[in-house]
Amino acid sequence: MWVKNKWLVALLPLLVSWCKNGGERASAMAVKPAAYISHQHKAMLSVSQRCSNNKARSGSVRCLESRGGGGKEVEKSPPPLPSLKEIRKFAVPCFAVWVAAPMLSLVDTATVGLSAGPGEGPIQLGALGPATTFLDGAAYLFAFLNVATTNLYATATAKAAQNNEDAKAAGDAVVRTAAKISLLCGIGLTVLLLSKAPALLALYIGHDATSEASKAILSQASEYANIRGLSMPTALLYGVLQAALLGAKDSLTPLIAIAYSTVVNVVGDLLCVCKLGMGLKGAAIATLLAQWAGT
(Lines give C-alpha, C1' and ligand atoms only; values in the text may rest on other atoms or scores of the structure.)
Protein backbone atom coordinates (compact mmCIF):
# COMPACT_ATOMS: atom_id res chain seq x y z
CA MET A 1 0.00 0.00 0.00
CA TRP A 2 2.84 2.35 0.84
CA VAL A 3 4.49 1.57 -2.51
CA LYS A 4 1.33 2.55 -4.39
CA ASN A 5 1.01 5.83 -2.47
CA LYS A 6 4.67 6.51 -3.16
CA TRP A 7 4.11 6.20 -6.91
CA LEU A 8 1.05 8.49 -6.75
CA VAL A 9 3.02 11.13 -4.86
CA ALA A 10 5.78 10.95 -7.49
CA LEU A 11 3.33 11.28 -10.43
CA LEU A 12 1.23 14.06 -8.92
CA PRO A 13 3.61 16.96 -9.87
CA LEU A 14 3.79 15.67 -13.44
CA LEU A 15 0.01 15.59 -13.76
CA VAL A 16 -0.30 19.11 -12.35
CA SER A 17 2.32 20.40 -14.79
CA TRP A 18 0.67 18.72 -17.77
CA CYS A 19 -2.76 20.12 -16.89
CA LYS A 20 -1.31 23.59 -16.42
CA ASN A 21 0.50 23.63 -19.80
CA GLY A 22 -2.51 22.18 -21.62
CA GLY A 23 -4.80 24.84 -20.15
CA GLU A 24 -2.44 27.61 -21.20
CA ARG A 25 -2.32 26.28 -24.79
CA ALA A 26 -6.11 26.00 -24.91
CA SER A 27 -6.45 29.55 -23.61
CA ALA A 28 -4.03 30.82 -26.24
CA MET A 29 -5.94 29.01 -29.01
CA ALA A 30 -9.20 30.47 -27.78
CA VAL A 31 -7.87 34.00 -27.44
CA LYS A 32 -6.41 34.13 -30.96
CA PRO A 33 -9.70 33.52 -32.87
CA ALA A 34 -11.50 35.87 -30.50
CA ALA A 35 -8.98 38.60 -31.24
CA TYR A 36 -9.22 37.88 -34.99
CA ILE A 37 -13.01 38.02 -34.90
CA SER A 38 -12.87 41.25 -32.92
CA HIS A 39 -10.53 42.76 -35.52
CA GLN A 40 -12.79 41.69 -38.41
CA HIS A 41 -15.86 43.02 -36.59
CA LYS A 42 -14.19 46.41 -36.13
CA ALA A 43 -13.26 46.49 -39.83
CA MET A 44 -16.83 45.69 -40.86
CA LEU A 45 -18.21 48.37 -38.57
CA SER A 46 -15.76 50.87 -40.04
CA VAL A 47 -16.83 50.05 -43.62
CA SER A 48 -20.50 50.15 -42.66
CA GLN A 49 -20.06 53.53 -40.99
CA ARG A 50 -18.29 54.94 -44.05
CA CYS A 51 -21.07 53.60 -46.29
CA SER A 52 -23.72 55.24 -44.12
CA ASN A 53 -21.87 58.55 -44.08
CA ASN A 54 -21.39 58.55 -47.86
CA LYS A 55 -25.03 57.61 -48.42
CA ALA A 56 -26.16 60.47 -46.20
CA ARG A 57 -23.98 62.92 -48.14
CA SER A 58 -24.68 61.83 -51.74
CA GLY A 59 -27.93 59.82 -51.66
CA SER A 60 -26.20 56.70 -53.07
CA VAL A 61 -24.25 53.92 -51.44
CA ARG A 62 -20.49 54.41 -51.67
CA CYS A 63 -18.32 51.85 -49.88
CA LEU A 64 -14.60 51.34 -49.52
CA GLU A 65 -13.86 47.65 -49.97
CA SER A 66 -10.47 46.61 -48.58
CA ARG A 67 -8.94 43.34 -49.71
CA GLY A 68 -5.30 42.42 -49.43
CA GLY A 69 -4.38 45.82 -48.05
CA GLY A 70 -5.80 47.77 -50.99
CA GLY A 71 -8.92 49.85 -51.19
CA LYS A 72 -11.48 50.26 -53.92
CA GLU A 73 -14.38 52.66 -53.82
CA VAL A 74 -17.56 51.23 -55.30
CA GLU A 75 -20.70 53.28 -55.86
CA LYS A 76 -23.98 51.36 -55.93
CA SER A 77 -27.26 53.09 -56.68
CA PRO A 78 -30.53 51.10 -56.67
CA PRO A 79 -32.49 51.36 -59.92
CA PRO A 80 -35.57 53.57 -59.83
CA LEU A 81 -38.92 51.87 -59.45
CA PRO A 82 -40.96 51.64 -62.68
CA SER A 83 -44.02 53.80 -62.93
CA LEU A 84 -47.51 52.48 -63.60
CA LYS A 85 -47.32 53.79 -67.15
CA GLU A 86 -44.09 51.88 -67.80
CA ILE A 87 -45.55 48.68 -66.37
CA ARG A 88 -48.67 49.03 -68.50
CA LYS A 89 -46.59 49.79 -71.59
CA PHE A 90 -44.66 46.55 -71.11
CA ALA A 91 -47.41 44.27 -69.78
CA VAL A 92 -50.16 44.93 -72.33
CA PRO A 93 -48.09 43.86 -75.38
CA CYS A 94 -46.84 40.84 -73.40
CA PHE A 95 -50.42 39.78 -72.74
CA ALA A 96 -51.28 40.27 -76.41
CA VAL A 97 -48.27 38.15 -77.44
CA TRP A 98 -49.37 35.37 -75.11
CA VAL A 99 -52.95 35.45 -76.42
CA ALA A 100 -51.95 35.69 -80.10
CA ALA A 101 -49.42 32.83 -80.01
CA PRO A 102 -51.96 30.04 -80.89
CA MET A 103 -53.40 32.10 -83.77
CA LEU A 104 -51.57 30.16 -86.51
CA SER A 105 -53.15 26.84 -85.52
CA LEU A 106 -56.58 28.43 -85.04
CA VAL A 107 -56.46 30.02 -88.51
CA ASP A 108 -55.58 26.65 -90.03
CA THR A 109 -58.43 24.92 -88.21
CA ALA A 110 -61.01 27.52 -89.24
CA THR A 111 -59.91 27.59 -92.89
CA VAL A 112 -59.75 23.81 -93.30
CA GLY A 113 -63.07 23.25 -91.56
CA LEU A 114 -64.94 25.85 -93.61
CA SER A 115 -63.46 24.97 -97.00
CA ALA A 116 -63.47 21.15 -96.82
CA GLY A 117 -65.55 19.27 -99.36
CA PRO A 118 -68.41 16.90 -98.53
CA GLY A 119 -67.18 14.05 -96.37
CA GLU A 120 -63.63 15.44 -96.12
CA GLY A 121 -64.13 17.82 -93.20
CA PRO A 122 -64.21 15.26 -90.36
CA ILE A 123 -61.09 13.46 -91.59
CA GLN A 124 -59.11 16.65 -92.21
CA LEU A 125 -60.08 18.17 -88.86
CA GLY A 126 -59.43 14.84 -87.17
CA ALA A 127 -55.91 14.90 -88.62
CA LEU A 128 -55.29 18.60 -88.06
CA GLY A 129 -56.14 18.61 -84.34
CA PRO A 130 -53.59 16.06 -83.10
CA ALA A 131 -50.98 17.21 -85.64
CA THR A 132 -51.06 20.83 -84.44
CA THR A 133 -51.01 19.91 -80.75
CA PHE A 134 -48.21 17.44 -81.40
CA LEU A 135 -46.07 20.05 -83.17
CA ASP A 136 -46.84 22.78 -80.64
CA GLY A 137 -45.93 20.38 -77.82
CA ALA A 138 -42.68 19.42 -79.53
CA ALA A 139 -41.69 23.08 -79.74
CA TYR A 140 -42.79 23.64 -76.14
CA LEU A 141 -40.23 21.06 -74.98
CA PHE A 142 -37.53 23.64 -75.78
CA ALA A 143 -39.19 26.51 -73.91
CA PHE A 144 -36.30 26.43 -71.43
CA LEU A 145 -34.21 28.18 -74.10
CA ASN A 146 -36.55 31.17 -73.95
CA VAL A 147 -36.46 31.39 -70.15
CA ALA A 148 -32.69 31.08 -70.04
CA THR A 149 -32.22 33.69 -72.79
CA THR A 150 -34.36 36.28 -70.99
CA ASN A 151 -32.50 35.82 -67.69
CA LEU A 152 -29.02 35.71 -69.21
CA TYR A 153 -29.64 38.69 -71.49
CA ALA A 154 -30.98 40.88 -68.70
CA THR A 155 -28.18 39.84 -66.34
CA ALA A 156 -25.42 40.41 -68.91
CA THR A 157 -26.63 43.87 -69.90
CA ALA A 158 -27.14 44.93 -66.28
CA LYS A 159 -23.64 43.81 -65.25
CA ALA A 160 -22.08 45.51 -68.27
CA ALA A 161 -23.87 48.76 -67.54
CA GLN A 162 -22.83 48.61 -63.88
CA ASN A 163 -19.19 48.07 -64.83
CA ASN A 164 -19.25 50.86 -67.46
CA GLU A 165 -18.88 48.34 -70.30
CA ASP A 166 -20.71 47.96 -73.59
CA ALA A 167 -24.12 46.58 -72.60
CA LYS A 168 -25.17 46.03 -76.20
CA ALA A 169 -22.13 43.87 -76.93
CA ALA A 170 -22.77 41.77 -73.82
CA GLY A 171 -26.40 41.24 -74.80
CA ASP A 172 -25.51 40.41 -78.40
CA ALA A 173 -23.11 37.72 -77.22
CA VAL A 174 -25.91 36.05 -75.27
CA VAL A 175 -28.26 36.25 -78.27
CA ARG A 176 -25.69 34.75 -80.63
CA THR A 177 -25.10 31.79 -78.34
CA ALA A 178 -28.83 31.22 -77.78
CA ALA A 179 -29.55 31.50 -81.51
CA LYS A 180 -26.94 28.85 -82.35
CA ILE A 181 -28.32 26.46 -79.74
CA SER A 182 -31.92 27.01 -80.89
CA LEU A 183 -31.04 26.41 -84.53
CA LEU A 184 -29.21 23.19 -83.68
CA CYS A 185 -32.12 21.98 -81.57
CA GLY A 186 -34.58 22.94 -84.32
CA ILE A 187 -32.62 21.08 -86.98
CA GLY A 188 -32.48 17.99 -84.80
CA LEU A 189 -36.22 18.22 -84.16
CA THR A 190 -36.91 18.60 -87.89
CA VAL A 191 -34.85 15.51 -88.69
CA LEU A 192 -36.73 13.56 -86.01
CA LEU A 193 -40.12 14.65 -87.37
CA LEU A 194 -39.26 13.88 -90.98
CA SER A 195 -38.04 10.40 -90.10
CA LYS A 196 -40.35 9.33 -87.27
CA ALA A 197 -43.51 11.45 -87.63
CA PRO A 198 -45.88 8.58 -88.63
CA ALA A 199 -44.72 6.35 -85.77
CA LEU A 200 -44.86 9.17 -83.20
CA LEU A 201 -48.28 10.34 -84.37
CA ALA A 202 -49.58 6.78 -84.30
CA LEU A 203 -48.64 6.61 -80.61
CA TYR A 204 -50.08 10.07 -80.00
CA ILE A 205 -53.38 9.53 -81.81
CA GLY A 206 -53.92 5.88 -80.94
CA HIS A 207 -53.82 4.40 -84.43
CA ASP A 208 -56.11 1.49 -85.35
CA ALA A 209 -54.55 -0.47 -88.22
CA THR A 210 -57.87 -2.13 -89.10
CA SER A 211 -59.78 1.14 -89.59
CA GLU A 212 -59.70 2.94 -92.93
CA ALA A 213 -60.65 6.24 -91.30
CA SER A 214 -57.78 5.90 -88.82
CA LYS A 215 -55.37 5.22 -91.68
CA ALA A 216 -56.58 8.32 -93.55
CA ILE A 217 -56.29 10.51 -90.45
CA LEU A 218 -52.77 9.25 -89.72
CA SER A 219 -51.68 9.77 -93.34
CA GLN A 220 -52.90 13.38 -93.51
CA ALA A 221 -51.59 14.18 -90.02
CA SER A 222 -48.15 12.83 -90.99
CA GLU A 223 -48.14 14.91 -94.18
CA TYR A 224 -49.06 18.05 -92.23
CA ALA A 225 -46.37 17.33 -89.61
CA ASN A 226 -43.68 16.71 -92.25
CA ILE A 227 -44.38 20.03 -94.00
CA ARG A 228 -44.76 22.13 -90.89
CA GLY A 229 -41.80 20.39 -89.25
CA LEU A 230 -39.54 22.27 -91.66
CA SER A 231 -40.31 25.41 -89.67
CA MET A 232 -39.00 24.08 -86.34
CA PRO A 233 -35.57 25.79 -86.59
CA THR A 234 -37.20 29.15 -87.25
CA ALA A 235 -39.86 28.53 -84.58
CA LEU A 236 -37.24 27.91 -81.89
CA LEU A 237 -35.16 30.82 -83.16
CA TYR A 238 -38.21 33.07 -83.00
CA GLY A 239 -38.80 32.06 -79.36
CA VAL A 240 -35.19 32.89 -78.44
CA LEU A 241 -35.30 36.28 -80.18
CA GLN A 242 -38.62 37.10 -78.54
CA ALA A 243 -37.15 36.19 -75.14
CA ALA A 244 -34.15 38.46 -75.75
CA LEU A 245 -36.44 41.34 -76.69
CA LEU A 246 -38.44 40.83 -73.50
CA GLY A 247 -35.16 40.84 -71.57
CA ALA A 248 -34.43 44.19 -73.20
CA LYS A 249 -37.88 45.41 -72.02
CA ASP A 250 -39.20 45.52 -75.58
CA SER A 251 -42.56 43.75 -75.76
CA LEU A 252 -43.89 45.64 -78.78
CA THR A 253 -41.58 44.11 -81.41
CA PRO A 254 -42.66 40.49 -80.67
CA LEU A 255 -46.29 41.59 -80.97
CA ILE A 256 -45.62 43.15 -84.37
CA ALA A 257 -43.88 39.95 -85.50
CA ILE A 258 -46.84 37.79 -84.44
CA ALA A 259 -49.29 40.14 -86.17
CA TYR A 260 -47.21 40.00 -89.35
CA SER A 261 -47.03 36.19 -89.31
CA THR A 262 -50.78 35.95 -88.66
CA VAL A 263 -51.52 38.12 -91.69
CA VAL A 264 -49.23 35.96 -93.85
CA ASN A 265 -50.94 32.83 -92.54
CA VAL A 266 -54.43 34.14 -93.30
CA VAL A 267 -53.45 35.17 -96.84
CA GLY A 268 -51.69 31.83 -97.38
CA ASP A 269 -54.69 29.83 -96.15
CA LEU A 270 -57.06 31.78 -98.37
CA LEU A 271 -54.80 31.20 -101.35
CA CYS A 272 -53.68 27.60 -100.81
CA VAL A 273 -56.73 26.12 -99.08
CA CYS A 274 -59.69 28.09 -100.39
CA LYS A 275 -58.59 29.05 -103.90
CA LEU A 276 -56.22 26.23 -104.88
CA GLY A 277 -58.07 23.53 -102.89
CA MET A 278 -54.93 22.00 -101.39
CA GLY A 279 -56.68 21.14 -98.12
CA LEU A 280 -54.57 20.18 -95.16
CA LYS A 281 -51.38 20.35 -97.20
CA GLY A 282 -52.12 23.96 -98.16
CA ALA A 283 -52.73 24.86 -94.50
CA ALA A 284 -49.35 23.39 -93.57
CA ILE A 285 -47.62 25.37 -96.33
CA ALA A 286 -49.33 28.60 -95.22
CA THR A 287 -48.27 28.07 -91.61
CA LEU A 288 -44.72 27.27 -92.69
CA LEU A 289 -44.48 30.50 -94.69
CA ALA A 290 -46.02 32.48 -91.83
CA GLN A 291 -43.43 31.22 -89.32
CA TRP A 292 -40.60 31.96 -91.72
CA ALA A 293 -41.97 35.46 -92.33
CA GLY A 294 -42.47 36.20 -88.63
CA THR A 295 -38.93 35.26 -87.76
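**View 1. Helix α3 packs with helix α10 in this predicted model.** Helix α3 (residues 103-115) and helix α10 (residues 279-294) pack at an angle of about 155°, and their axes lie 10 Å apart; helices here are DSSP runs of H or I with at least four residues, numbered from the N terminus. That angle makes α3 roughly antiparallel to α10, a term used for angles over 145 degrees, where angles run from 0 to 180 degrees between N-to-C directions and axes are lines fitted to C-alpha atoms over the stretch in contact.

**View 2. Residues of α3 meet residues of α10.** L104, D108 and V112 in α3 meet G279, L280, A283, T287, A290 and Q291 in α10, contact being heavy atoms within 4.5 Å.

**View 3. F134 and Y204 form a tilted aromatic pair.** The structure holds three aromatic pairs, among them that of F134 and Y204, whose ring centres are 5.7 Å apart with planes at 55°, so the pair is tilted (rings of Phe, Tyr and Trp, the last by its six-membered ring, pair if their centres lie within 6.5 Å; planes under 30 degrees apart count as stacked, over 60 as edge-to-face and the rest as tilted). Because F134 lies in helix α4 (residues 121-140) and Y204 in helix α6 (residues 167-205), the pair ties together parts that are 70 residues apart in sequence. F134, at 15% relative accessibility, counts as buried, whereas Y204, at 44%, counts as partly exposed (buried means under 20% relative accessible area, exposed over 50%, partly exposed in between, with a 1.4 Å probe and protein chains only).

**Notes.** Residues are numbered from 1 along each chain as its sequence is written, and side-chain values use heavy atoms, leaving out hydrogens and water. In this predicted model, local features need pLDDT of at least 70 and side-chain atom pairs count only at pLDDT 80 or more, while totals for chains, interfaces and linings use all residues.

Methods:
Helix = DSSP H or I, 4+ residues; strand = E, 2+ residues; numbered from the N terminus. Parallel < 35°, antiparallel > 145°, perpendicular 65-115°, else oblique.
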